[in-house]
Each structure stands twice: as C-alpha cells, then as structure tokens.
Amino acid sequence: MTLTITTPLIIGHRGAAAHAPENTLASIREAARQGAPAVEFDATITGDDPPAVILFHDDTLERTTNGGGAVDHMPLSQLRTLDAGQGEQIPTLQETIALIHELGLHANVEIKVAPDRDVETAEAVMADLANHWPADAPPPFISSFSVPALEVAQAQKPDWPRGYLIWDKPDNWRAIADRLQVATLNINAERETPDSIASLRSTGRPVMAYTVNDPDQAASLFDQGIAGIFTDTPKTLLPVAAKQPQQQITLAGRAPPRPKP
C-alpha cells in the first residue's frame, strides 16, 4: 500500500496541542477543525498483560494528567479514570483509528517506546494497527526514534511507509535509513542547519521537521526544501504552506530484500 500526500504538508502535532490537550481525541478533532490534512500522535503501552495501546507521550503521568507514576506500569482501567486535560480521557489507539477515519485524516503514528521495551511496544502498536486499520484506507505513516521499533514495523508491515525520527544524528544515519528503507527523515528544526538539511535531502527522501509553530520559521524551512512540518497550531501554518508550490508525492515502505539463493 502507498500513501499519497500533497506537500508541503502540515501535520498536527499530538493533534493540535496548542489548542487542546495533547494526544486526546479532542486535540485530533481540533486539528481537523483547523484544516490539518494529517495528525501525528504518540502510541505506547499500558501495564496490562498483554498490554493495551494508548495515546501518550511521556514515560510518566505527571505532566499531562492528574495522576502519577509510570505509564507502562498502570493498567488501562486505572489510566482511563485520569483527567488528561479539560476532562479528556487518555484514548486507546483503537478509538483513535476510528476517529481518524471518521474525520478523513491521514495519520502519523509515532511508536513511543516504553523504557527498555522497544520491541514489545512496537509489536503491540503494530498488532493494534493491523487488526483495526481499515483495509481499504491509505496506510498510516509509522515513525519512531527507536531503531528496534522501526525494525518491527518493517518486518510486520513492510509496505507501510516509515519515518526515521532523528534527534542527534548518529554517524551511520544514512546506513540506518537505507537498511530500514524509510520513506522520510523526520528532524528537529532547532538542531539542523541549511547545510545539514541539504545533506539529509541528498538521500532522495523527503525531510519533515518538528515542532514548528512560527510562520517565518516555517517559510524558511519550506524554502530549504522541507516537505512537511509538524506543528501544535495547524491554523497558523496552513496559510504559509498554501503559498508554496504544491506537489504530490507517494510515500511507501518496501519489503526487506530477499536473500539470494
């Protein structure tokens, strides 16, 4: 399966996190209301056995809920009693998939691995997606900072597009991107320069930048060839993207090469 998008692309970060509680159904609805064609959200695991998959960014609950403690040590039933902001519940991935398709959005699912549980987190996220993503819909775009998580995504859904999220580029970042056959490179806008962006783009892959909320910064990044921006405030950056030349690109994962006989 392939995912065709129009660039430059504005992607609502954790929904529309500047306007509604992040990683909630309300935030995703707000991103759609503002006109975002796509949303990004973080998928991680609970403390159940087997784990459930929820939307949550941090390893612990304190910053965004009225609870405390490690997210992956708490069962879903208890997590659902918490206030995730403005009375919102922590949503499950299954609920989110249903809403995404109700709203007609594209989705970037970031596998947010629980501490020291990269493979387990990725397997749970990919299983939920495989079980509940509509077969006739464009595939989700899978991203992660975790190479082991991307390896799981590649093995389980090789034709779904993958994005390699980068904070500090390792020396072998090109080899990693090639081995994982990623569709995009997703970079921190504050940690890259025009020269490093040009180097990233030289691989032939679209480069996406996070998290950008300033229109002038967004315009500069688009001028440097950035194909998409993750933003907390889609309505602020959509007019900037609309002024740029538009083009359609196809993002696709590829199956790992078969060993020679």
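Buried means a relative accessible area under 20%, exposed means over 50%, and partly exposed lies in between, with a 1.4 Å probe and protein chains only. The model shown is predicted, so that local features need pLDDT of at least 70 and side-chain atom pairs count only at pLDDT 80 or more, while totals for chains, interfaces and linings use all residues. Residues are numbered from 1 along each chain as its sequence is written, and side-chain values use heavy atoms, with hydrogens and water left out.

**View 1. Strand E3 and its covered faces.** Strands (E, at least two residues) and helices (H or I, at least four) are DSSP runs numbered from the N terminus. Strand E3 spans residues 38–45, and eight of its eight residues are buried. On one side of E3 lie Ala 38, Glu 40, Asp 42 and Thr 44, on the other Val 39, Phe 41, Ala 43 and Ile 45, and all of these are buried.

**View 2. The strands that pair with E3.** Two strands are taken to pair if DSSP finds at least two bridges between them. Strand E2 (residues 9–13) pairs with E3 in the parallel sense over three bridges, and Ile 11 has Ala 38 as its bridge partner in E3. Strand E5 (residues 106–111) also runs parallel to E3, joined to it by six bridges, with Asn 108 in E5 as the bridge partner of Glu 40. Strand E4 (residues 53–55), by contrast, pairs with E3 in the antiparallel sense over three bridges, and here Val 53 of E4 stands opposite Ile 45.

View 3. A cavity is a set of points, on a 1 Å grid over the protein atoms alone, where a 1.4 Å probe fits but cannot get out, and its lining residues have an atom within 4 Å of a point. Grid points are joined across faces, edges and corners, and a volume is the space filled by probe spheres set on the points. The lining of the largest cavity has 10 nonpolar residues (Ala, Val, Leu, Ile, Met, Phe, Trp, Tyr, Cys and Pro), two polar residues (the others, Gly among them) and no charged residues (Asp, Glu, Lys and Arg).

**View 4. The second largest cavity.** About 60 Å³ of space lies in the second largest cavity, whose lining is made up of Glu 22, Asn 23, Thr 24, Leu 55, Phe 56, His 57, Thr 64, Ala 84 and Ile 90. By class, four of these lining residues are nonpolar, four polar and one charged.

**View 5. Strand E7 beside strand E6.** Strand E7 covers residues 162–166, and five of its five residues are buried. Arg 162, Tyr 164 and Ile 166 point one way from E7, whereas Gly 163 and Leu 165 point the other way. Strand E6 (residues 141–144) pairs with E7 in the parallel sense over three bridges, and Ile 142 stands opposite Arg 162 in E7.

View 6. Thr 233 is found in the loop between strand E10 (228–231) and helix H9 (234–242), and it counts as buried because its relative accessibility is 8%. Contact means heavy atoms within 4.5 Å, and Thr 233 touches Ala 18, His 19, Gln 34 and Asn 213, not counting residues up to four places away in sequence.

How values were computed. 1 Å grid on protein atoms, 1.4 Å probe; cavity = no way out; pocket = protein on both sides within 12 Å on 5 of 7 lines; lining within 4 Å.
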